[in-house]
Amino acid sequence: MSRQVLPLFDNLHQRVLRCLTSAKSSLSHVCQAHTHILKAGIIYDTLLSSRLLALYSNHQCFAEAQLVLHSIPEPSVLSFANLIYALTRSNLLALSLDVFSQMLSHGIWPESRILPNIINACGGLSSLETGKQVHGIVFRSGLDSDSFVQGSLVNMYVKCDEIRDARKVFDRLPQRHVVSCSALISAYARKGCVDETMRLFNEMKNFGVKPNLITWNGVLSGFNHSGHCREAVVMFQKMHSEGFQPDDTTLSSILSAVGDLEELNIGIQAHCCVIKQGLGQERYIRSALVDMYGKCACALELTQAFDELDEKDIGACNALIAGLSQNGAIYHALKAFEQFRAEGMELNVVSWTSIIAGCTQNGKDIQALELFRAMQSAGLKPNSVTIPCLLPACGNIAALMHGKAAHCFVLRTGIADDHHVGSALIDMYAKCGRIHMSRLCFDKMPTKNLVCWNAILGGYAMHGKTKEAKEIFDLMQRAGHKPNLISFCCILSACSHGGLVEEGWSYFNSMTKEHGIEAKTEHYASMVNLLGHAAKLEEAYALIKQMPFEPNACVWGALLGSCRLHNNVGLGEIAAKKLFELEPENPGNYVLLSNIYASKAMWTEVDAVRDIMINRGLKKNPGCSWIEIKNKVHMLLAGDKSHPEMRQILEKLNELSMEMKKVGYYPETDFVLQNVEEQDKEQMLGEHSEKLAVAYDLLNTSPGSPLQVIKNLRICRDCHAFMKFISSLEEREIFVRDANRFHHFKDGACSCGDFW
C-alpha cells in the first residue's frame, strides 16, 4: 500500500511543479495547482510555495499571494522578493513597504535584488523618513558599494526633493550610470540651478556616460518648469546639433518654453520638427502647439493648429480658449466655448477658469460674473485659481454683492489662506470702496507675501490714504519684504493723491540709492503725475527730458492730463504732439487738448482738433458709469436716452437740482467746454453718467443705504460738488471710483479734500 501511495505522491508533486514552472500557466491553472497542494498537504514545500506565490503575484492576485506567504513556516528571501517586485511594479507602493517590514520581522536580511524596489517605493511615496531608514539598512548590509542600489538611492532623494543628499550619494557611487546622472541633472534643472545642471551634464563625458533622450528631456522639462526658458531653448538647439531626435516629451517642453519667450521663429522650427517626426496628433503636442501660437500672439496660426487636429481633446480646447482670450479675441473665445458646450464636451475647471479670466482681462466683467454662476450650475467647483480670476471682475464694476458671495465661497472651501486668493480679495474690496474690508482680509492672512503687501498698499493709494500707505510701506520692509517695482508705483501714486511732492521725490530717489532698483517708465509717469497735480508742470517736463530712455505714451499722457488740470496750453501742446505720434488712434488725447483750448476760449483751435478727429474717424469715449442694485449691475451712458427708466431718472435729477439751487448751489458751467448757451451747458452737466447713476440708485434703494458708482473717466468738478451736496441732503455715503482714484462722500465732504 505504502509503495503505491509514494509513486502517486511523487507523480502529483511533479505534475504540480510542472504547472507552476510553466510560462503558460493561466490563473485557473494556478488555482487548481494550489488546490492540489492543499489537498496533498504539501504547502510546506518551500519550492512549490515560492513558485505559487510568484505566479499569484504575476497575475496581481495579491490577497492570495499574501495568504500563501503567511502559510509558509519559514519563508525565504525569494518568497518576499517575488511579492515585493510585483507590488512595486503594480504601483502598490505602501503595500510593498508593508511586506518588506514583514520580511524584516522574520529576521530575513534583504539582498541587492529587493532593495532597489523598496527604495523606489519610498521615492514614489515621497516618504523621506522611511527612505532614510532603508538607506541605513543598505549601509549595514554592506551594499553601499552596489551601483544599482546606490543609483536607486539617488532617485529616491531626488523624488523626495532632497537634492543635497542625492548629490552626496551620487558622489560616492563607484560607477556612475546614465539613470542616476539623468535623475540628478533633471532635479538641478527643476530647481533652477542652471550652473550646476550644466556642470554635471558636461561632466558625464568624464564619467564615461553618454546622455540619452531621457537625460535631454530631463534638462528641457526641468528648465521649463523652473522658468529658465531661454536655457531650455539653448539646450534644445544643442541637442539637435548633436544628432538626437526629439520625441513628444521633448517637443511639448520646448513648445511651452518658446511660448513663454514669445520666440515665434523658434516655435515655427519646433512645429516643423513635430511634422517631420509625425507627432502632430499626439495629445500633449496638440495642446502645446495651440498654446505656443496663442502666447506668440498668432491668433490665425493658433486657430489653424486647432482646426488641423483630428481629435480635439479638452487640453487643446482649453489652450484655444486661453490663446484667443490673451490675444483680445474674446468674442471668438466665447463663441468657441459655447460651441464646445453645445457639442457636449466635458469642460473642466480649467476650461471655465480660462474663459472667466479672458472675460475679466478683456473688459467683459458682467459676462465673467454670469459664467461663474453658470459654472456652478454645471456642477463644477471653482478652485483657488478660478476665484482670483473672478474677483477682478467684481472689483472692476464694483459688484460688491457678487464679490462678497465669492468671499463666502472662499471661506466655505478653506482657500482663504492662499496668497493669490487673499490678494485678490484685498484688491476687490478696495476697488469696491471698502478699504476697511481690504485691511481686515489682509490682517487675517496667517502669512503674507509681497503680492499681498502690494495689494493693500495699492488699495490705500487708490483711496488717497497717504498716511496708511506710508505705514504699510514701512511695515512691509520691517517684515522682511523688499519693495519691488509695483511697491514703488503704489507708494508714488499715494504721494500723488496726497500732494506730497517732497516725500514722492524721496521714495523715487531711494529706488536706486537704497534698493538697487532702476526706475521704469511707470515710475517716471507717477512722478510726472505727482508734480503735475501739484502745479509743478515745468519741473515735470524737466524730469521727462532727463529720462534715461525714451518716454512713452504713459509719461506724456500724465503731463497732458496735468496740463488739462491747470489749463497750460504751451506744455499741453508739446505733450499732445508727442501723443499724436505715439497713439494716433487714441481719441482721449485729442479731447484733452481740445478741452485745454476750450478752457481758454480758443474755439478756432478747438474746431481744428475736432476736424482732425473727424478726418481720422475718431469719436470721444462716452462717459459711462456702473452701479449694482439688488445683485444686478446696471450701466448708464452720458446723454443716453434709451434707459427704460430715463424719464424717472431725469425727474429725480431735476428735483435734486431745484433743492440745490434753494441753498445757493448752481451748476459750474465753466466745465462745459463747448461754445453753447448757458442753459444748454446746464443740461449737458445734468446728463453726466455719474449723476444719472446716483439718481437711479436713489430711486431704487432704501433711505440711508450707501451708494456706489464706478466711472470710466475722471469726475468733473461740477459732479464732484453735486456728490458732496447729495451726500448731505440725502444723508447717504457715496463711493465714486473714477479713472484716477476713489472719492468717499459723506456729510457734504469728500475724502480727497477737493484735491484730485
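Analyst: Helices are DSSP runs of H or I with at least four residues, numbered from the N terminus. The model discussed here is predicted.

User: Where is Ala601 found?

Analyst: Most residues other than glycine have a negative phi. Ala601 is not a glycine, yet its phi is positive, about 60°. Its place is in the loop between α35 (587-599) and α36 (603-615).

User: Is Ala601 buried, partly exposed or exposed?

Analyst: Buried residues lie under 20% relative accessible area and exposed ones over 50%. Ala601 has 46% relative accessibility, so it counts as partly exposed.

User: Ala398 has a positive phi as well. Is Ala398 buried or exposed?

Analyst: Ala398 has a phi near 55° and is found in the loop between α23 (386-396) and α24. The cut-off for a buried residue is under 20% relative accessible area. Ala398 has a relative accessible area of 3%, so it is buried.

User: How are α24 and α25 oriented to each other?

Analyst: Two packed helices are described by the angle between their axes and the distance between the axes. For helix α24 (residues 400-413) and helix α25 (residues 419-431), the angle is about 155° and the axes are 11 Å apart. The contact involves Leu400, Gly403, Lys404, His407 and Val410 of α24, together with Val421, Leu425, Met428 and Tyr429 of α25. Angles over 145 degrees count as roughly antiparallel, and therefore α24 and α25 are roughly antiparallel.

User: Which residues does Leu115 contact, leaving aside its neighbours within four places in sequence?

Analyst: Leu115 is among the members of the largest nonpolar core that touch the most others. Leaving aside neighbours within four places in sequence, its contacts are Phe100, Pro110, Val134, Ile137, Val138, Leu143 and Val149.

User: Is Gln102 buried or exposed?

Analyst: Gln102 lies in helix α6 (residues 93-105). Beyond its neighbours within four places in sequence, it is in contact with Gln66, Leu69, His70 and Phe80. Its relative accessibility is 17%, and the cut-off is 20%, so Gln102 counts as buried.

Note on methods: Residues are numbered from 1 along each chain as its sequence is written. This is a predicted model: local features need pLDDT of at least 70, side-chain atom pairs count only at pLDDT 80 or more; totals for chains, interfaces and linings use all residues. Side-chain values use heavy atoms; hydrogens and water are left out. Helices (H or I, at least four residues) and strands (E, at least two) are DSSP runs, numbered from the N terminus. Buried means under 20% relative accessible area, exposed over 50%, partly exposed in between (1.4 Å probe, protein chains only). Contact means heavy atoms within 4.5 Å. A nonpolar core is a set of buried Ala, Val, Leu, Ile, Met, Phe, Trp, Tyr and Cys residues joined through side-chain atoms within 4.5 Å. Axes are lines fitted to C-alpha atoms, for helices over the stretch in contact, and angles run from 0 to 180 degrees between N-to-C directions. Angles under 35 degrees count as roughly parallel, over 145 as roughly antiparallel, 65 to 115 as roughly perpendicular and the rest as oblique.
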